[in-house]
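Here is a friendly walk through one protein model, meant to be read with the structure open beside it.

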Amino acid sequence: MHLLPGLNDRLPLLVAGGVLIACLTTSVPNSASAQGGPAGVVVETIETRSFTETAPVLGEFVAPTSSVVASRIPGLIVEVSVQVGDRVSEGDPLVRLDTELLGIELGAAEAARNEASAGLTVAEADLALARQAFERIERLKKSPAFSQGQFNDLGQQLQRAQGQIAQAQARIKSADVTIARSRYNLQNAEIRAPFSGTILERQAQPGEYITTGSAVATLLDGAHLEIVADVPAAYVAGLAQGREVNVRLADGGEYQAMVRAVLPRETVSTRTRPVRLIAPFTAADATDGSTPFAEGQSVTVLVPVSEEKSVLTVPKDALVQARGGWIVYIAEEGKAQPRPVQIGAAVADRFEVLSGLQEGQQVVVRGNERLRPGQDIMTGPPGGASSSAPGGAPGGGQGGEAAPDAEAPKAAQSDAGDTSSDEKSGG
């Protein structure tokens, strides 16, 4: 058989190329088949929860206990035991004054007290002699030996002895006061922390002479901070004393605080009233576990603006945004079925369901970004890692296709958690 010129030379190459194309064509279905299988997902249950609509109000931490620690006595500073930023406990020494002169003064006061005590002993002896002599002559009043002049002299001596007793007792009391003052000065020569807290400022330096009332350090109690927020007067009615409300920190951590007082003062320009809340949580409760709260740190108070009610809720991670609104995938008989939903206000990390779902349904909260309607799924426990589909990535669908009509990632990546009072429309 004769072919066109040159074709005989290219025939082996064409045959080899056809074989290669055939091999590649037959290998594609096998590869796609290897990537099939159910998608690993995590599901949670649609449930009813108690819900109170709230409005965010900006507040800040304040320290009810903060003071400038002052010296009670004058003296020369010989030692300063703290630095700025040091944590101290109640009773810890902060500053020590020179006590040499104070010790001398205490010794002198004790000696004066001993002298006054000895004087009292002498006065008591003189009083006893004077009383004895006076009583002797008093018994002679009806006797010819009685002398009126001597009687008067002995009476004056008795009164004098009694006065000396009073003087000696007064000197003892004066000496006792001097001793007490000296001991007070000695005791307060070491200035101690009046409460536990953090040193914000150190005003004292070694070698400095200070007077009574001089500041040595500024101390702040950061372990018992309160929250103050200016709440609109229309919302104050829902903040009864003792009520617990949620507060949110800048790091996203949410905790509970208790209303301590609503101050009876309204700002005319803003029509707000200051509310004080006790923050029972501590620095150990913070999300990073180490950063202490600070005076002036901002905090958002979620003020209740409605009565408590029970609502059907869906986890925010179950929401996927599509062109027609929000959808969720429910797990039915091992398959993922999309359901359009209409959502309302945020309830912690969930959203109120206005329509589209029923209580008890299982919704996909992880691995739902790439699901297709009717796709086989393999469910894992809530909060745990989803199972890996055979031949595919954990939580992924076949071929990496997106959800139908998907325009945006899951609702968890939106601003849904910014305020609890805002509603997100399903349309």
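How do the axes of helix α2 (residues 100–138) and helix α3 (residues 148–187) cross? They come within 7 Å of each other and cross at roughly 165°. Axes here are lines fitted to C-alpha atoms, for helices over the stretch in contact, with angles from 0 to 180 degrees between N-to-C directions. The helices α2 and α3 are therefore roughly antiparallel, a label for angles over 145 degrees. Their crossing is left-handed, meaning that the near helix is turned anticlockwise from the far one by less than a right angle.

A word on the ground rules: this is a predicted model, in which local features need pLDDT of at least 70 and side-chain atom pairs count only at pLDDT 80 or more, while totals for chains, interfaces and linings use all residues. Residues are numbered from 1 along each chain as its sequence is written, and side-chain values use heavy atoms, leaving out hydrogens and water.

**The overall picture**

The protein has three helices and 24 strands. These are DSSP runs numbered from the N terminus, with helices (H or I) of at least four residues and strands (E) of at least two. Of its 427 residues, 34% count as buried, that is, under 20% relative accessible area; exposed means over 50%, and partly exposed lies in between (1.4 Å probe, protein chains only). Among contacts (heavy atoms within 4.5 Å) with a separation of 6 or more, 75% are between residues 24 or more positions apart.

**The barrel**

Six strands close into an antiparallel barrel, in the order β3-β12-β15-β14-β13-β16. Neighbouring strands of this sheet are turned by 45° against each other on average, direction ignored. Two strands pair if DSSP finds at least two bridges between them; β3 (residues 54–62) and β16 (residues 298–304) are joined by seven. Within this pair, P56 stands opposite L302.

G252 sits between β13 (244–248) and β14 (254–262), and its C-alpha is 10.0 Å from that of T300, although 48 residues separate them in sequence. P264 lies between β14 and β15 (272–278), with 8.1 Å from its C-alpha to that of P274, ten residues apart in sequence.

Another four strands form an open antiparallel sheet in the order β4-β11-β9-β6. Its edges are β4 (66–70) and β6 (87–88), each with a single partner strand, so one side of each has no neighbour in the sheet. Five bridges link β4 to β11, and S67 has L219 as its bridge partner in β11.

S214 belongs to the loop between β10 (209–210) and β11 (215–220). Its side chain reaches the backbone oxygen of T211 at 3.0 Å. S214 also touches V69, A70 and S71, not counting residues up to four places away in sequence.

| Residue | Relative accessible area | Class |
|---|---|---|
| S214 | 18% | buried |
| G252 | 47% | partly exposed |
| P264 | 86% | exposed |

**Strand β1**

Lastly, how many residues of β1 (residues 39–45) are buried? Five of its seven are, so the strand is mostly covered. Strand β1 pairs with β22 (residues 362–366) in the antiparallel sense over four bridges, and E44 stands opposite V363 there.

How values were computed
A polar contact is a pair of N or O atoms within 3.5 Å; within protein, one must be able to donate a hydrogen and the other to accept it, and residues adjacent in sequence count only if both atoms are side-chain atoms. Angles under 35 degrees count as roughly parallel, over 145 as roughly antiparallel, 65 to 115 as roughly perpendicular and the rest as oblique.
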